[in-house]
Amino acid sequence: MAHLGQRVRVDGWLTAPDLTGHRQLVAEPPCCPGCLPGSSDGRIRIPASRHLAGGAVRLEGILRRDRTAWVLSDARPAARGIGRRSVLAAPPLLCLAAGAPQTDPRQAIAGMPTVDVHSHAGKLLYVRTQAPFTPVSEPMRQGGLAVACLAIVSDAPTHRIMADHRIHPYRDPAPGELHAYAQRAFARLHALAADQGMPIIADRAALLAARPDRPSAVVAAEGGDFLEGNPDRLDEAYARWQLRHLQLTHYRVNELGDIQTEEPVHGGLTDLGAEVVRRCNRLGIVVDVAHGTLDLVRRAATVTTKPLVLSHTSLTTRPRPFTRLITPEHARLIASTGGMVGIWPVAALFPDMAALAGGIARMAAIVGVDHVGLGTDSMGLVGPATFDSYAQLPDLAAALLATGFSVEDTRKIMGGNYTRVFAASLA
Ligand SMILES: [Zn+2]
Ligand SMILES: [Zn+2]
């Protein structure tokens, strides 16, 4: 359908808000309150917004069709300057696409280090069974992805999905167990990279030079559990495994701090966690605070001298207990360090690419487009993902452009922001 899912401009008359704060955009002023066109094709629902006055308006927003109505999301007053027209008899046919002429999404993200900031692709996590690897570099090449931050899961032996359908630790690790496990997991990561012909990125020049014709990997760890409280092991992992991206906590309240999915124990980041952040800053390791509590992020943001990453999540304004999503306050803390938040392609939240692009846009509206990116958690999600293969990445670029992001902003989201953070962290 013409313009569906695109940013458009529409003229009309904006009614007063109803009880839920929604308004209707109609072609002519209604003759009396509540008297609206009977056909849903004669009106567009405008979700509640503080920024809109009533009366005759020209709005810009993203046109969608839900089950019962046309909806203009992210609506805001549009600049004048195009011929006025009455558009509402059949909205999708008569609105004006507001974006620039169609950009080829592959071209939009070409010639740059596009990055997935959190991934377990290739069956990386099958450490115990040593299952055969699945393709990583070929779909990356097809989809135009230059860099995958491949993360081992350092507390994997001690957590599982419990009766409440959430992941919890179910036993304490034996002394030395998680360090020993991580050595096998890092070895598997290196074997995967070698198998896939993917160079390991160990310095900023290599990241800046990364391109999708030769996909590369950043060595990451989800959870600093393998340190077992000994920060010297960070130096070991840096040198031995080329670790360049450390997520402090995962599903176990470890020695470094509290997690979103369990009751807090430490009041946020521990002193040892703060020491690990400082040591990451000094060595040149990206600090990732995904899974950490708001209190953990608060202290990490004061301790770190480098930008923070929060690699896989999405925005919520009504957080449930133990949610992995983050509030605007939580997200702004990351942005305040110059860092970035990776948005998750979780199908339950974002059933298709347009919805995922919308989720990225909502986060960008809170923290700014310089502080958002993509963290797929590929092969780590408990439920289905919005997309299955890196080969589908151009569809996300297309959806971002259709949502109204410029080519420059799309490039920031698809890798530019992480590249900036990585370069600063490894400086
Ligand atoms: Zn995770
Ligand atoms: Zn993960």
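Guide: Happy to. In this predicted model, helix α9 (residues 328–336) passes α10 in a right-handed crossing. The residues that make the contact are Pro-328, Ala-331, Arg-332 and Ala-335 on the α9 side, and Met-363, Ile-366 and Val-367 on the α10 side. An α-helix has 3.6 residues a turn, so residues three or four places apart point the same way. Keep that spacing in mind as you read the contact residues along each helix.

Now for the geometry. Two packed helices are described by the angle between their axes and the distance between the axes. For α9 and α10 the angle is about 70 degrees, and the axes are 9 Å apart. Angles of 65 to 115 degrees count as roughly perpendicular, and α9 and α10 are therefore roughly perpendicular to each other.

Helix α11 (residues 393–403) has nine of its 11 residues buried, so it is largely enclosed by the rest of the structure. Among the buried ones are Leu-393, Leu-396, Leu-400 and Leu-401, along with Ala-397, Ala-398, Ala-399, Ala-402 and Thr-403. Just after α11 comes Gly-404, with a positive phi of about 115 degrees.

For a strand with a covered setting, look at β11 (residues 216–222), where seven of seven residues are buried. In a regular strand the side chains alternate between the two faces of the sheet. In β11, Ser-216, Val-218, Ala-220 and Glu-222 point one way, while Ala-217, Val-219 and Ala-221 point the other way. β11 also has parallel partners: seven bridges join it to strand β8 (residues 147–153), with Ala-148 opposite Ala-217, and four bridges join it to strand β12 (residues 243–247), where Leu-246 is the bridge partner of Ala-221. Together with helix α6 (residues 232–241), β11 and β12 make a right-handed β-α-β unit.

Finally, stepping back to the whole protein chain, there are 12 helices and 16 strands. Of its 427 residues, 49% count as buried. Among contacts between residues at least 6 apart in sequence, 73% join residues at least 24 apart.

Notes. Residues numbered from 1 in each chain as written. Chains lettered and ligands numbered in written order. Predicted model: local features only at pLDDT ≥ 70, side-chain atom pairs only at ≥ 80, totals over all residues. Buried ≥ 20, exposed ≤ 12 C-beta atoms within 10 Å, placed from the backbone. Helix = DSSP H or I, 4+ residues; strand = E, 2+ residues; numbered from the N terminus. Pairing = 2+ DSSP bridges. Right-handed = clockwise from strand over helix to strand, strands pointing away. Contact = placed C-beta atoms within 7 Å. Axes fitted to C-alpha atoms, helices over the stretch in contact; angles between N-to-C directions. Parallel < 35°, antiparallel > 145°, perpendicular 65-115°, else oblique. Left-handed = near helix turned anticlockwise from the far one by under 90°.
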